[in-house]
Amino acid sequence: MSNSIFLDTLSGKKTNRPPVWFMRQAGRILPSYQKLKLTHNFDSLMKNKDLASKVTLMPINDLGVDAAILFSDILIIPESMGMNLEFTDNGPKFYNPIVKSGSNSFSFDPSKLNHVYSNIKQIKKDNSSIPLIGFCGGPLTTFLFMFRGNEKDKSFNNALKFFYSNKKESLKILEQITEASVEYVKGQIDSGIDCFQLFETYCGIIPSSLYKELILPFSIKILDVARNKNVPTIFFPKNFNDGLKYINKDICDYVSIDWNLSLEYAREIVDKKVGIQGNMNPRLFYSSNEEINKYLNSLVTFGEKNYDWVFNLGHGFLPDIDYIKVKYVVEWIKETNWNR
Ligand code: CP3
């Protein structure tokens with residue numbers, strides 16, 4: 001793909017500004033999405049290729065971002081393993097969550113992911129010039145959600161109790177999640193994605209050393225599928241904290257930093273060969289324009305020196321963020337002189 005500042009940056013070229021896209025940019029905050037949601041539920045939007053493509057490409061027109069991310073969800077992996085999923089107004093829930101040890105058998109049906117591959121092909125047909133980011137959930141994040149049988153219970157206490165008291169069985173389930181995810185990434189790449197991001201949103205729910213020992217090998221297996229096919233990879237291990245010191249080029253090309261850390265600190269501890277993505281605090285969009293400007297101006301010193309940086313959030317948008325402010329931030333990034 002020619003003329004993409006996003007892919008150029010990922011491949012190590014020097015560009016005159018950082019590229020910009022946002023986690024959770026597909027859906028949620030856009031008025032055109034909210035209008036669609038009045039007549040369609042989330043699941044039906046994901047399963048209709050024309051609508052899924054429309055929602056994926058909305059942020060390109062409505063916000064002016066440099067890349068699109070596939071409109072889908074990380075929880076279709078457990079669904080493809082035989083779990084019965086519903087996206088309610090309060091979030092996702094499983095009708096047959098994991099409850100006790102010894103009674104969990106999963107059977108992966110790859111055909112349940114076919115709609116995603118048709119969506120990718122449709123998106124590429126509708127817009128062949130914008131890079132498309134594919135994704136799947138990190139093994140730990142996916143595992144935790146498989147215990148959520150009540151959408152109102154946002155804690156993962158049951159899942160964590162199970163993990164600590166049934167390590168062997170947990171690792172078996174994590175392995176099954178990984179096997180399904182590996183097939184899923186292959187399918188996304190064969191359908192035409194240009195970049196792959198692994199969302200390990202709950203990485204920080206266990207100590208970083210434990211994540212490194214037990215979960216990171218699974219994450220690497222999933223990321224390796226893309227790396228071996230020369231598709232650039234971004235890893236988002238949210239709240240990995242001092243664990244970022246374990247990140248190197250054998251794991252991923254870019255690492256996405258959450259908003260708890262400063263970019264400068266992250267740059268210091270992450271291997272120099274790995275690029276950085278992030279990390280605006282999404283709640284800053286609730287602040288005044290002066291405060292947003294102050295934050296943006298503070299980025300120039302970092303952006304002037306670091307060519308291997310992709311502007312993004314430190315976590316996804318919240319649904320009530322004003323998209324006009326987001327549009328302003330995109331324009332600011334594009335129009336600022338980054339002294340490069
Ligand atoms: O970034 C994007 O916009 C691309 C599509 C995308 C969705 N979910 C669509 C979605 C991506 C990358 C995800 C990832 C995801 N899904 C994660 C990891 C990253 C993160 O943001 O934390 C997690 C933990 C999930 C599980 C999930 N899906 C939750 C907890 C919820 C409910 C709360 C919420 O975030 O809205 C969803 C629903 C969901 N997934 C929506 C969208 C657009 C909202 C559904 C709606 O519009 O009704």
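Q: In which hand does α12 cross α14?
A: This is a predicted model, in which local features need pLDDT of at least 70 and side-chain atom pairs count only at pLDDT 80 or more, while totals for chains, interfaces and linings use all residues. Residues are numbered from 1 along each chain as its sequence is written, and side-chain values use heavy atoms, leaving out hydrogens and water. A crossing is left-handed if the near helix is turned anticlockwise from the far one by less than a right angle, and right-handed if clockwise; by that rule the crossing of α12 past α14 is right-handed.

Q: At what angle do helix α12 and helix α14 pack?
A: Helix α12 covers residues 289-298 and helix α14 residues 323-335, with their axes 11 Å apart. Axes are lines fitted to C-alpha atoms, for helices over the stretch in contact, and angles run from 0 to 180 degrees between N-to-C directions; the angle here is about 30°. Since angles under 35 degrees count as roughly parallel, that makes α12, relative to α14, roughly parallel.

Q: Which strands stand at the edges of the open sheet?
A: The sheet has 7 strands with parallel pairing, in the order β1-β4-β5-β6-β7-β8-β9, where two strands pair if DSSP finds at least two bridges between them. Each edge strand has a single partner, so one side of each is left without a neighbour in the sheet; these strands are β1 (68-69) and β9 (309-313).

Q: Which residue in β7 is the bridge partner of Phe-235?
A: Strand β6 (residues 233-237) pairs with strand β7 (residues 254-256) in the parallel sense over 2 bridges. The partner of Phe-235 in β7 is Val-255.

Notes:
Helix = DSSP H or I, 4+ residues; strand = E, 2+ residues; numbered from the N terminus. Parallel < 35°, antiparallel > 145°, perpendicular 65-115°, else oblique.
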